Amino acid sequence: MNIVELGKGRDSSLLRHHPWIFSGAVAAVEGTPGVGDTVTIADSSGKALGVAAWSPASQIRARMWSFDPGTVIDADFIRERLHRAIARRAGLLSETRTACRLVYAEADGFPGLIVDRYGDYLSCQFLSSGAEFWRDTIIAALAELSPCLGIYERSDVAVRKHEGLAQRQGLVHGQEPPQWVQIQEQDRLFMVSIQQGHKTGYYLDQFDNRSLVQQLSAGKTVLNCFSYTGGFGIAALKGGATHVTNVDSSAPALELAGQNLELNGFDADQAELVQANVFEYLRELKASNTSYDLIVLDPPKFAETKHQFKKAARAYKDIALQAAQLLSAGGTLVSFSCSGAIDPALFQKITADALLDAGREGRITHYLHQAEDHPVALPFPEALYLKGLVCVLD
């Protein structure tokens, strides 16, 4: 048996059921576990605390499967854990919601595994050694538990290198997804590229927040920054916005945003597509004395690690400051951060400082986070990566 013994006093997080064991907590390894092998985790006295997947190349040296030392990790365990995760979302998918996350890694007790459903297709990522070890078993179980036309792998992400794994992408079961898969969320329609889109194809985590923006947009002019394929812009127009400007640096993303506008019955008079650097474009708008009633800031991750949080904080403050200067009296700022290194309290402080420097007063009306198909396990706060604020400005 492979046993990983922790150093004295290094088991406190495990006793609170946090699923990660860092390399510095490991005192000794009995046996020769391979990449992704199941190991028993023991405290410094030798008492077994649970079982985990071993990852010798990662700073996160082991990820817990179970805090019951007697648990057997086999095909039946994998199938049952997937079944439980999918069952939790049983009430989310419907005729008017055809896409959602089925498995959210540690939050579903499955470290390193992401599975999203887009219509008749599944898109998955294997991000840890443990998930990689059980890859074939997982794919077979997914095909059984969530019947689909095809399963496509999007393990083409840099985080795999931390696990000593190469990037990989391609069809793993059934039919190849078409170039565009149409999904529906409430009355909004979108075309998704499973093969080439961001993440597993789309930003499912913003489902609830798009719905909120839709409710807030009646009769308003809207600036949608970092618009990607136009999700918030479509929501705003569905909610009765008089005009939407979508801004993104990616020409392919804007091209798809144009298709999504047409798919939803909107024309060029109602929405503008601008390819530009958002930081520069906001300053150009300020110079031209342009104003908006509602601005959405949904930037990419500015901080990949905690070491980058200062640089990220400056970037978040900059765009919030520029946006605040463009909002009309009574205007609404909807601002997000998906950087794990920026916690909600810090994000609120950054936004407050930005408004202060812009000479504006504001009040928070909503605290925002990822949708319910991206739950947060109580002992694992790291799962809460998306945070946002809705602020109304004087």
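The following legends describe close-up views of a predicted model.

**View 1. Helix α9 and its buried residues.** Helix α9 comprises 18 residues, 309-326. The buried residues of α9 are A312, A313, A315, Y316, I319, A320, L321, Q322, A323, A324 and L326.

**View 2. The crossing of helices α9 and α10.** The axes of the two helices, α9 and α10, come within 8 Å and cross at roughly 45°. With angles of 65 to 115 degrees counted as roughly perpendicular and those under 35 as roughly parallel, α9 is therefore oblique to α10. The crossing of α9 and α10 is right-handed. On the α9 side the contact is made by F309, A313, Y316, K317, A320, L321 and A324, and on the α10 side by L346, F347, I350, D353, A354, L355 and D357. By class, the residues of this contact divide into 11 nonpolar, no polar and 3 charged.

View 3. Residue F347 lies in helix α10. Its relative accessible area is 2%; because buried means under 20%, F347 is classed as buried. Leaving out residues up to four places away in sequence, F347 touches Y316, S335, F336, S337, I342, K387, G388 and L389. One of these partners, F336, is 11 residues from F347 in sequence, and the C-alpha atoms of F347 and F336 are 8.6 Å apart in space. Another partner, Y316, is among the buried residues of α9.

**View 4. The packing of helices α2 and α4.** Helix α2 (residues 75-88) packs on helix α4 (residues 135-145) at an angle of about 45°, and their axes are 10 Å apart. That angle makes α2 oblique to α4. The crossing of α2 and α4 is right-handed. From α2, the residues A75, I78, R79, L82, H83 and I86 meet T137, I138, A141, L142, E144 and L145 of α4. This contact of α2 with α4 divides into 8 nonpolar, 2 polar and 2 charged residues.

**View 5. Two loop residues with positive phi.** Residue H17 is in the loop between α1 (12-15) and β2 (20-22). Phi of H17 is near 70°, a positive value in a residue other than glycine. The relative accessible area of H17 is 41%, and H17 is partly exposed. Residue Y228 is in the loop between β14 and α6 (231-238). Y228 is not a glycine, yet its phi is positive, at about 50°. Y228 is buried, with a relative accessible area of 12%.

**View 6. A105 and its contacts.** Residue A105 is located in the loop between β7 (99-104) and β8 (113-118). A relative accessible area of 8% places A105 among buried residues. Apart from neighbours within four places in sequence, A105 is in contact with F110, P111, G112, L113 and I114. The C-alpha atoms of A105 and P375 are separated by 9.9 Å, while the two residues are 270 residues apart along the chain.

How values were computed:
Residues are numbered from 1 along each chain as its sequence is written. This is a predicted model: local features need pLDDT of at least 70, side-chain atom pairs count only at pLDDT 80 or more; totals for chains, interfaces and linings use all residues. Side-chain values use heavy atoms; hydrogens and water are left out. Helices (H or I, at least four residues) and strands (E, at least two) are DSSP runs, numbered from the N terminus. The expected span of a helix is 1.5 Å times one less than its number of residues. Buried means under 20% relative accessible area, exposed over 50%, partly exposed in between (1.4 Å probe, protein chains only). Axes are lines fitted to C-alpha atoms, for helices over the stretch in contact, and angles run from 0 to 180 degrees between N-to-C directions. Angles under 35 degrees count as roughly parallel, over 145 as roughly antiparallel, 65 to 115 as roughly perpendicular and the rest as oblique. A crossing is left-handed if the near helix is turned anticlockwise from the far one by less than a right angle, and right-handed if clockwise. Contact means heavy atoms within 4.5 Å. Ala, Val, Leu, Ile, Met, Phe, Trp, Tyr, Cys and Pro count as nonpolar, Asp, Glu, Lys and Arg as charged, and the others, Gly among them, as polar.
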